[in-house]
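Work through these exercises with the model open beside you. Try each task before you read its solution.

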Amino acid sequence: MKRFILSLLLVAPAAAEIQVRLSIKAILSSNGSWPSNTNTIGSTGVNLNSETAVRDNVDWMNSVMREKRYPFRFFLREDTVYTISGQADPYYTMDARSSATRNAIEDAALDDKTTWKWHDDSINIYINDTRSGYCSRPTGGRSAITVGAGAYEELILHEIGHFFNLSHTHSGDGDGNADDWADGDGLSETLPDDADASAADINAQYPGSTQETRDNLIFNVMSYHQPQDRFVWQQRQEMIEVMNDERDPQASGEGFFLADDGADSIFGVQLSGRTYAQRLKTLENAVSKSTSSNDVILIDGTIEVTDGAVFSTPHVWMKWRDDAILR
Ligand SMILES: [Zn+2]
């Protein structure tokens, strides 16, 4: 009798997680210096004014992913923080929190990928001398992210959330008062939010919710409250499904969903496992679809495994939602 409970995760030798590549570039000033903006944002404000600051920020993102046991990690492409010279005018000072700026920089970069160090295999993130940032959603036909050096610790992770199709937990940008609660993302696992709400406002707004549910809003990366440290399951599912699909070039490895209520095929048509809706039934089938040591098989519930089955390809098994039981 074999029975494994994945309450945490099992990592096969040499395996990792889904790896998302970041190509982060600082647009240098006309005299060659890094952007620097001390007008940072909120309680977790950070000035992204050096290579060290950028590396520390990526390390922080991955410390959150690791602590929460999320199945993806972020890597600097070629372990490099790039710089862009000779483009200060006008890009160094254009408001990073602007679709016009995002479009201008992306268009310039696509016209001259060498100068702008644009990499099709990575999320292209440009830092200039301004403040806050702007994203690209997969449905918008854009893929650049612009960020001002005047930032906060969670800013790049927040914009990456949008890159993988996440919406804000609130609707609109707020009016300075916590009085317009709305469901910004349509997800049942995040409560309706207000961009201006404090933790105290949220706790008072939802007296009937558990503290965990309130905290999932208070600390949500896709909110405007700080500090932030989490994506809920529904957000992670959307991110993984988009990594498997529209944003596949920027991610190495795929997530395959496997659940005790899944199916390997319906009316003779094979399911892909690449979305939760297409979740698979058997571990053998999920493993057969894995081609990379960065693949993660996301296991929900109790899975029957054939006696004597041998799995030799490197990949990761990880629980999804409840405990994963293999027997
Ligand atoms: Zn946003």
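**Exercise 1. A residue with positive phi**

In which loop is the place of Asp79?

Solution. Asp79 sits in the loop between strand 5 (72–76) and strand 6 (82–84). Strands here are DSSP runs of E with at least two residues, helices are DSSP runs of H or I with at least four residues, and both are numbered from the N terminus. Next, check the backbone. Asp79 has a positive phi of about 50 degrees, although it is not a glycine. Then check the surface. Asp79 is exposed, because its relative accessible area is 52%. The cut-offs are these: buried is under 20% relative accessible area, exposed is over 50%, and partly exposed is in between, with a 1.4 Å probe and protein chains only.

A note on the model. It is predicted, so local features need pLDDT of at least 70, side-chain atom pairs count only at pLDDT 80 or more, and totals for chains, interfaces and linings use all residues. Residues are numbered from 1 along each chain as its sequence is written, and side-chain values use heavy atoms, with hydrogens and water left out.

Now turn to Arg321. Which strand does Arg321 lie in?

Solution. Arg321 belongs to strand 15 (residues 316–326). Its phi is positive, about 60 degrees, and Arg321 is not a glycine. With a relative accessible area of 25%, Arg321 is partly exposed.

**Exercise 2. The zinc site**

Find the protein donors of the zinc ion. Then explain how two of them are placed in helix 5.

Solution. Start with the atoms. The donors are His158 (NE2), His162 (NE2) and His168 (NE2), and they lie 2.0 to 2.1 Å from the zinc ion. Donors are N, O and S atoms within 2.8 Å of the metal (3.2 Å for Na, K and Ca); water is not among the atoms, so sites may look incomplete. Next, read the spacing. In sequence the donor residues follow H-x3-H-x5-H. Now use the helix. His158 and His162 are four residues apart in helix 5 (residues 155–163), so about one helical turn separates them. Last, check burial. Both His158 and His162 are buried.

**Exercise 3. The second largest pocket**

What lines the second largest pocket, and which residues are closest to its centre?

Solution. Take the volume first. The second largest pocket holds about 370 Å³ of space. It has 17 lining residues, and the closest to its centre are Arg97, Ser132, Gly133, Tyr152 and Tyr224. Strand 8 (133–134) and helix 5 are the elements that give two or more residues to this lining. Helix 5 gives the largest share, four residues.

The method uses a 1 Å grid over the protein atoms alone: a pocket is an open set of points where a 1.4 Å probe fits, with protein on both sides within 12 Å along at least five of seven lines, and lining residues have an atom within 4 Å of a point. Points are joined across faces, edges and corners, and the volume is the space filled by probe spheres set on them.

**Exercise 4. Buried residues in loops**

Asn37 lies in a loop. Is Asn37 buried or exposed, and which residues is it in contact with?

Solution. Locate Asn37 first: the loop between strand 3 (18–27) and strand 4 (45–47). Asn37 counts as buried because its relative accessibility is 14%. Leaving aside neighbours within four places in sequence, Asn37 is in contact (heavy atoms within 4.5 Å) with Asn47, Asp129, Thr130, Arg131, Ala149 and Gly150. Look at the side chain of Asn37. One of its polar atoms lies 3.1 Å from the backbone oxygen of Asp129. The backbone oxygen of Thr130 also lies 3.1 Å from a polar atom of this side chain.

**Exercise 5. Helix 8 and beyond**

Why is helix 8 largely enclosed by the rest of the structure?

Solution. Count the buried residues. Nine of the eleven residues of helix 8 (residues 233–243) are buried, so the rest of the structure largely encloses this helix. Among them are Gln234, Arg236, Met239 and Val242. Move on to Gln250, in the loop between helix 8 and strand 10 (251–252). Gln250 is buried, with a relative accessible area of 7%.

How values were computed:
Polar contact = N/O pair within 3.5 Å; in protein donor to acceptor, adjacent residues only side chain to side chain.
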